[in-house]
Amino acid sequence: MNPVHGEIRPGFETVREAFGDVLAGTSGGAAFSVVRDGEVLAELWGGSARPGVAWTRDTLVVLFSGTKGVVATVAAMLTARGLLDPDERVATYWPEFAQNGKDDVRVSHMLSHTVGLPYVEADLPTLDNAGNANALAQQRPLWTPGTRVAYHALTYGYLTTELIRRVTGRNVGALIPELLGDIDVHLGTPESDDHRLAVVTRAPGYRISTFLHDPARRAIVERMYRGLLDSGESFNTPEYRRAELAAGGATGTAAAMARLYDRIGSGLVPAPVLAEATRTWSEGLDAVNDRPVRFGLGYELADPIGTYGPADVAFGHSGAGGGRHGAWPADGIGFSFTTNELRAEDVDERASTLLAALKTCL
């Protein structure tokens, strides 16, 4: 059995035990961190980052869509500074976007996955932020923006990257340390940190969009993900980590992500702005994936299938294959689970097990 490393506060022994069970059943490694008001309640890790290399407290892992929660926080900070308005037309900031029925699209539609641009019609390289953003600006949405919700797996990143660049003149990756503080989260991971990266693998039978059984819409999902998760190993390459993909290309540690969500709830994002960003802006059955979803402004919210565990109010963002990062405002905590073994959502209980154990200790 892989030994559990790290620390817990007295009273959180159940979390350590649950993490031990999770780690024992995980191929590779994992980490779980919980922070409340700056105090570490649990910071645990174990297993292997890659063959022959142990997972450590400083092991970085690709966050996949956990990146979206970080980007949502950047957007909230820009809103707090008066540079971005969720109710404003996207075209006010990005005039070229007002093509093919998108002249009245609001920033909130883009952030809450209701804009109707879940994939790029043009055949462009996945890592080309500017090219894909330009193509989306010209593209007609699949539905009237704001009328349906569907997860924009990759296009969320192209759209928000360009919107934020238009507002600030900066790339999102450069704004993360400036706006969010000194955290070990990187969008555009530097070469100097490559030695800390965990190698991501797929568990046998790994699948995406496990709620979807309609073959016609399965074809849409394949266009959305463009083979990123279900074929090849592009997400383990330096090119992927350097590309600053705001939908899923950041790397980080569980310790850093837990601290980030603790800071968000402790005043990093001004309370009125955070309340607006974490209220329900869209919810229902995903029009493409058939998964129950609920979104704020870029954040996932507590949903009917318990993505954020036994908490009535929660916000954050999960990541492909099992990552779970977020906050329980009523308990005043930030948490993060990271792993380098991708498992299908319908069989992966690791993060849910840890969150259930955490709730019993609070």
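# Reading helix pairs, rings and buried residues

Guide: Start with two helices: Lys68, Val71, Ala72, Val74 and Leu78 in H2 meet Tyr156, Thr160, Ile164 and Thr168 in H6. Here contact means heavy atoms within 4.5 Å. Helices are DSSP runs of H or I with at least four residues, strands are runs of E with at least two, and both are numbered from the N terminus.

Visitor: What kind of model is this, and how are residues numbered?

Guide: It is a predicted model, in which local features need pLDDT of at least 70 and side-chain atom pairs count only at pLDDT 80 or more, while totals for chains, interfaces and linings use all residues. Residues are numbered from 1 along each chain as its sequence is written, and side-chain values use heavy atoms, leaving out hydrogens and water.

Visitor: How is a packed helix pair described?

Guide: By the angle between the two axes and the distance between them. An axis is a line fitted to C-alpha atoms, for helices over the stretch in contact, and the angle runs from 0 to 180 degrees between N-to-C directions. H2 and H6 pack at about 25°, with axes 11 Å apart. That makes H2 roughly parallel to H6. Angles under 35 degrees count as roughly parallel and those over 145 as roughly antiparallel.

Visitor: Is the crossing of H2 and H6 left-handed or right-handed?

Guide: H2 passes H6 in a left-handed crossing. Left-handed means the near helix is turned anticlockwise from the far one by less than a right angle; clockwise gives right-handed.

Visitor: At what angle do H1 and H12 pack?

Guide: Helix H1 (residues 13-24) packs on helix H12 (residues 350-361) at about 170°, with the axes 8 Å apart. H1 is therefore roughly antiparallel to H12. This crossing is right-handed. The H1 residues in contact are Thr14, Val15, Ala18, Phe19 and Val22. Their partners in H12 include Arg350, Leu354, Ala357 and Leu358.

Visitor: How many residues of H5 are buried?

Guide: Buried means under 20% relative accessible area, exposed means over 50%, and partly exposed lies in between (1.4 Å probe, protein chains only). H5 is mostly covered, with seven of its 10 residues buried. These are Asn129, Gly131, Asn132, Ala133, Ala135, Leu136 and Ala137. H6 is part of what covers them.

Visitor: Now the rings. How is an aromatic pair described?

Guide: By the distance of the centres and the angle of the planes. Rings of Phe, Tyr and Trp (its six-membered ring) pair if their centres lie within 6.5 Å; planes under 30 degrees apart are stacked, over 60 edge-to-face, and the rest tilted. A search of the whole structure finds six aromatic pairs. In one of them, phenylalanine 64 and phenylalanine 235 have ring centres 5.5 Å apart and planes at 80°, so this pair is edge-to-face. The two sit 171 residues apart: phenylalanine 64 in the loop between strand S5 (61-62) and helix H2 (66-80), phenylalanine 235 in the loop between helix H8 (215-225) and helix H9 (238-242). Phenylalanine 64 is buried at 5% relative accessibility, and phenylalanine 235 is buried at 0%.

Visitor: Which other aromatic pair is stacked?

Guide: Tyrosine 151 and phenylalanine 295 are stacked, at 6.3 Å centre to centre with 5° between the planes. Tyrosine 151 lies in the loop between helix H5 (129-138) and helix H6 (155-168), and phenylalanine 295 in strand S10 (residues 292-295), so the pair ties together parts 144 residues apart in sequence. Tyrosine 151 is buried at 11%, and phenylalanine 295 is buried at 1%. Tyr261, Tyr299 and Phe315 form one aromatic cluster.

Visitor: Which charged residue lies over the face of tryptophan 281?

Guide: Arginine 279 does, at 3.9 Å from the ring centre. Lysine 359 lies over the face of tryptophan 328, at 5.1 Å. The test is that NZ of Lys or CZ of Arg is within 6 Å of the ring centre and within 35 degrees of the ring normal.

Visitor: Is alanine 30 buried or exposed?

Guide: Alanine 30 is buried, with a relative accessible area of 0%. It is found in strand S2. Among the residues it touches are Phe19, Leu23, Trp45, Trp55 and Phe337.

Visitor: Is aspartate 37 buried or exposed?

Guide: Aspartate 37 is exposed, at 63% relative accessibility. Its loop runs between strand S2 (29-36) and strand S3 (39-50).

Conventions: Angles under 35 degrees count as roughly parallel, over 145 as roughly antiparallel, 65 to 115 as roughly perpendicular and the rest as oblique. Lists of a residue's contacts leave out its neighbours within four places in sequence.
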